[in-house]
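Okay, thanks for coming, everyone. Let me put the structure up and then walk you through it.

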Amino acid sequence: NSAIVVGKTTNSTILEDVSDLSFEIELLSTSHIMAWMSISSESSNNESGFFVISINGVSSPEIERNHGGSSARGSSAITFRTSSKLSPGTYTIKGRFRSETGQTVTADINLVAMGLVTSLGSEIPSVYDEVVSDTTVSTVFEDIDGLVDNISVAHESHIFGSIINSSYIDTNGETGAISLVMNGESFEVERGYPNSNSVGLIGTIARTDNTSPIGTEAVKGQWKTTGGTYTGEPILLSAISLGSNTGRVLNSVAKNNFSANTTSNSLVNISGSSLTINLEDPSFLFLSMSMSVSSSNSNSDVQFGMSVDGIDYGIMTRTFKNSTVKGALLYYAATDVLPAGSYAIEGRWSISGGTATASAIHLSAISNCGFFEQPSSSSSSSSESGGDLSSSSSNSSSSSGAYSDSESSSSSENYSESSESSSSSENYSESTESSSSSENYSESTESSSSSENYSESSESSSSSENYSESTESSSSSENYSESTESSSS
């Protein structure tokens, strides 16, 4: 599920909900919920904004973003996961923010969340770690204390991960770099810190190029600095394996570690970013991108985001106050539910003046619709497809994606908000068993203009996890219904 909001403001020094940035996810099986949020923000003065994700009333660590002057847009992001698995039920996900001293903070925010369980009841393996504070003076990459973990890979699949660092360097003009290491692959981003002790965001968001075999794989964060003491407060790490032990593999595409430049003052495709994904069933697409960017001109704005079949989703803005100083751009968004078919995916950007030069570009698209693979096979041939990750409808006035493993509940629940978070890190090895190949799922989406409901069920008398390419046998039945209704929101 997801929501996108534009132009939201606060001058509260206490965390408050971002209006229209709230939705529900329904879990049919016990599992974690993981969420991601990207922010483009500015303040009316040279001060910071603070942002959190709330899941079931529990807030992530605060991410701070100093804006470096009036009308200077900054890019930031958060990743967060429940500390313990949640029982079946409906849970609320929110974005929250506050101002440092009472000056007005304005933000455009994209929020995405997933229930980490398949429609067969198998959990999607995941890890989440957070470090309250750490420092380094190393000029070569070293492990970040507390951000070294192992993820369980239940079926040969890719790994998708994020590392987010709210950070500063105590010396003017230095550069910091951060690396996300998964399955032995490194995904790096760097940014400049022109002013000492000014808090900025750096992070990497990526999907591995190679699949990981069944077992455990190391996931960790590393960092380095060109000089001075580099401090992260906090540093967040999350990862999910895109396969379950029932053989369900989430469909995904990615491109990593390439460079591009542009002089266009209107949105254009990022050269080399083109991807195509094929959806066997209706699904939303979870979009992500990160990169290092510099501008040849001072006080220029770079817009960035991603498109699917020519439709842009949740475009962000980042202001470059100093020419040639690198900034880190971080982006998450999700589409509405898309019909089955083939879709063209592009990275998108523009610059208000001069030339934008980007390196270490990583972008990916993940469908919550998966396909079955034989457990002993590493190929991607699909014999049966269907909805995978659990989520439900959003009531955002902007575009929002939704996909559900069960009927959407019309009831709503209120949870008290807490800014407390645990500084401890946890490692989970996720696996479940399914004794039957029967599955039931439904999808629901709702926006200000329309809502759609889909339901589908299939049943087989066999509990085998081997699936054939043939159509359903006479013992199976399938019903599909679709309706649309106008929303009063």
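Let me start with a term: I call two rings of Phe, Tyr or Trp (its six-membered ring) a pair if their centres lie within 6.5 Å, with planes under 30 degrees apart counted as stacked, over 60 as edge-to-face and the rest as tilted. With that in hand, Trp36, Phe160, Phe286 and Tyr332 form one aromatic cluster.

Before I go on, the housekeeping. This is a predicted model, so local features need pLDDT of at least 70 and side-chain atom pairs count only at pLDDT 80 or more, while totals for chains, interfaces and linings use all residues. Residues are numbered from 1 along each chain as its sequence is written, and side-chain values use heavy atoms, with hydrogens and water left out.

Now the overview. How many helices and strands does the protein chain have? Zero helices and 32 strands. Of the 489 residues in the protein chain, 59% are buried. Buried here means under 20% relative accessible area, exposed means over 50%, and partly exposed is in between, using a 1.4 Å probe and protein chains only. And if you take contacts (heavy atoms within 4.5 Å) with a separation of 6 or more, 80% of them in the protein chain come from residues 24 or more positions apart.

Back to the rings. The whole structure has eight aromatic pairs. One of them is Trp36 with Phe286, which is tilted, at 4.6 Å centre to centre and 40° between the planes. Trp36 is in strand S3 (residues 33-43) and Phe286 is in strand S22 (residues 285-295), so this pair ties together parts 250 residues apart in sequence. Trp36 counts as buried at 0% relative accessibility, and Phe286 counts as buried at 1%. Then look at Phe51 and Phe97: their ring centres are 6.3 Å apart and their planes sit at 45°, so that pair is tilted. Phe51 belongs to strand S4 (residues 48-55) and Phe97 to strand S8 (residues 89-99), so here the parts tied together are 46 residues apart in sequence. Both Phe51 and Phe97 are buried.

Next, the nonpolar cores. A core is a set of buried Ala, Val, Leu, Ile, Met, Phe, Trp, Tyr and Cys residues joined through side-chain atoms within 4.5 Å. The largest has 49 residues, and the members touching the most others are Ile33, Met37, Ile53, Ile93, Phe160 and Phe286. Strand S9 (residues 105-115) gives this core its largest share, seven residues. Apart from it there's another core of 32 residues, including Val253 and Leu275.

So, strand S9. On pairing, two strands count as paired if DSSP finds at least two bridges between them. S1 and S9 run antiparallel, joined by seven bridges, and S3 and S9 are antiparallel too, joined by 11 bridges. Leu111 in S9 has Ala3 opposite, and Met37 also stands opposite Leu111.

Elsewhere, there's an open sheet of four strands in the order S12-S17-S14-S15, paired antiparallel. Its edge strands are S12 (142-153) and S15 (185-193), each pairing on one side only. S12 and S17 (residues 215-225) pair over eight bridges, with Ser152 opposite Thr216.

Last stop, two loop residues. Ile14 is in the loop between strand S1 (2-10) and strand S2 (16-27), and Ile14 is exposed, with a relative accessible area of 61%. Leaving aside neighbours within four places in sequence, Ile14 contacts Phe97 and Arg98. Ser273 is in the loop between strand S20 (268-269) and strand S21 (275-279), but Ser273 is buried, at 1% relative accessible area. Not counting residues up to four places away in sequence, Ser273 touches several residues, among them Lys255, Phe258 and Leu363.
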